[in-house]
Amino acid sequence: MKTIEREDATLYEFGRDMDPVLTVEQGEQFAVETWDAFAGQLFEHGFGSFTAEDTPTLQAPPPAFDGNPVAGPVYVEGAEPGDTLAVTIHDIQPERGVTTTLEAFGCVANRSGWEECQVNYANEVELLPGPSGTTADGSARMELGDHEWTWDLNPHIGTIATAPGRTVQETVTTQGPWGGNMDVRDVCKGNTVFLSSFNTGGLLFVGDVHASQSDSEYTGIAVESTAEVVLSVDVVDTEVPGIFRIENDDTLIHVDSAANAGTAEDALNNCFIAMMEELIEEFGFGQREAYVQMSINPAITVRVYQFVHPGFFTFGVKLDKDLYDQFT
């Protein structure tokens with residue numbers, strides 16, 4: 001299997017003029033070895049308190065620091081501008097995990113009464129294999145405060161994007177029609193992520209795997225992990241409103257962000273509009289029928305993937321496909 005090795009997964013920006021590091025046929029599986037968001041610096045330094053000098057890529061104030069190194073671009077044969085890349089995630093196996101608080105980042109930064117949280121402090125998260133014998137379905141263990149915590153992992157790709165048409169984007173703050181640092185925990189094994197292509201070859205970039213994350217990623221930092229992911233890409237004619245469209249056999253999700261849409265309210269509303277339009281155009285719903293379903297049917301739920309920092313709000317509207325079985 002073709003592989004992008006970790007030593008080549010160190011980009012902090014992406015654009016259309018970068019030379020492909022891998023060329024794949026449509027449907028061909030390939031592997032990517034990814035760094036954690038801190039490029040291994042905290043693993044090397046050790047856990048506990050740290051400073052910007054200990055982690056050189058964090059020397060700029062958040063969220064402007066260099067973080068979330070990615071691999072790419074991956075050139076997909078047959079992809080052209082205006083196409084959609086359907087990226088199927090076959091496997092994600094996290095290897096090492098760390099989570100932190102940062103002194104000037106997260107939802108309680110500079111908030112009076114929460115000074116204990118406003119520190120650069122790293123905790124190791126031990127990643128344990130699950131029933132498959134791998135961490136793809138594993139669990140986490142961490143000592144935090146006076147307790148030992150354990151929970152199930154939900155590995156997913158935090159940063160995934162295609163090269164924009166003309167701009168060069170950096171990997172921490174970018175969120176746009178090309179994708180970006182979205183931290184969407186449904187970008188996971190078994191799901192297909194639909195991304196717009198703006199260039200010949202599609203030019204896909206991937207990195208920033210999270211071994212686990214709650215809704216909102218409230219501190220701004222998930223369980224950041226080194227990992228190996230296995231992907232394949234097909235070219236399809238499915239339109240992608242907003243930023244992502246995610247699908248598996250059971251669910252459909254439309255994703256947008258405040259940075260892309262303008263406001264958090266617009267991002268969430270765009271997700272609802274995209275879901276209604278798909279029900280109308282693809283499944284024959286009437287406008288009012290789709291509209292009412294958004295309000296009354298528990299098969300429709302809202303995901304809050306990011307609620308992190310001013311401007312970082314990422315939402316998804318999720319539809320359980322058993323909704324289709326409810327009408328005749």
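Which residues of the largest nonpolar core touch the most other members? In this predicted model, local features need pLDDT of at least 70, side-chain atom pairs count only at pLDDT 80 or more, and totals for chains, interfaces and linings use all residues. Residues are numbered from 1 along each chain as its sequence is written, and side-chain values use heavy atoms, with hydrogens and water left out.

**View 1. The largest nonpolar core.** The core has 34 residues, and those touching the most other members are Phe30, Ile157, Ile160, Val187, Leu204 and Phe244. A nonpolar core is a set of buried Ala, Val, Leu, Ile, Met, Phe, Trp, Tyr and Cys residues joined through side-chain atoms within 4.5 Å; buried means under 20% relative accessible area, exposed over 50%, partly exposed in between (1.4 Å probe, protein chains only). Another core, of 16 residues, lies apart from the largest one and includes Met275, Leu279, Ile300 and Leu319.

**View 2. Surroundings of Ile160.** Neighbours within four places in sequence are set aside here, and contact means heavy atoms within 4.5 Å. On that basis Ile160 is in contact with Val87, Trp178, Gly179, Gly180, Val187, Leu195, Leu204, Phe205, Val206 and Phe244.

**View 3. Thr159 in strand β11.** Thr159 belongs to strand β11 (residues 156–162); strands (E, at least two residues) and helices (H or I, at least four) are DSSP runs, numbered from the N terminus. Thr159 counts as buried because its relative accessibility is 2%. Its side chain makes a polar contact with the side chain of Asn68 (3.4 Å); such a contact is a pair of N or O atoms within 3.5 Å, and within protein, one must be able to donate a hydrogen and the other to accept it, while residues adjacent in sequence count only if both atoms are side-chain atoms.

**View 4. The largest pocket.** A pocket is an open set of points on a 1 Å grid over the protein atoms alone, where a 1.4 Å probe fits, with protein on both sides within 12 Å along at least five of seven lines; lining residues have an atom within 4 Å of a point. The volume is about 680 Å³. Among the 28 lining residues, Thr99, Thr100, Thr101, Thr219 and Ile221 are the closest to the centre of this pocket.

**View 5. The second largest pocket.** This pocket has a volume of about 230 Å³. Its lining includes Asp237, Arg245, His254 and Glu282. Helix α3 (residues 264–283) gives the most to this lining, with five residues.

Note on methods
Points joined across faces, edges and corners; volume = space filled by probe spheres on them.
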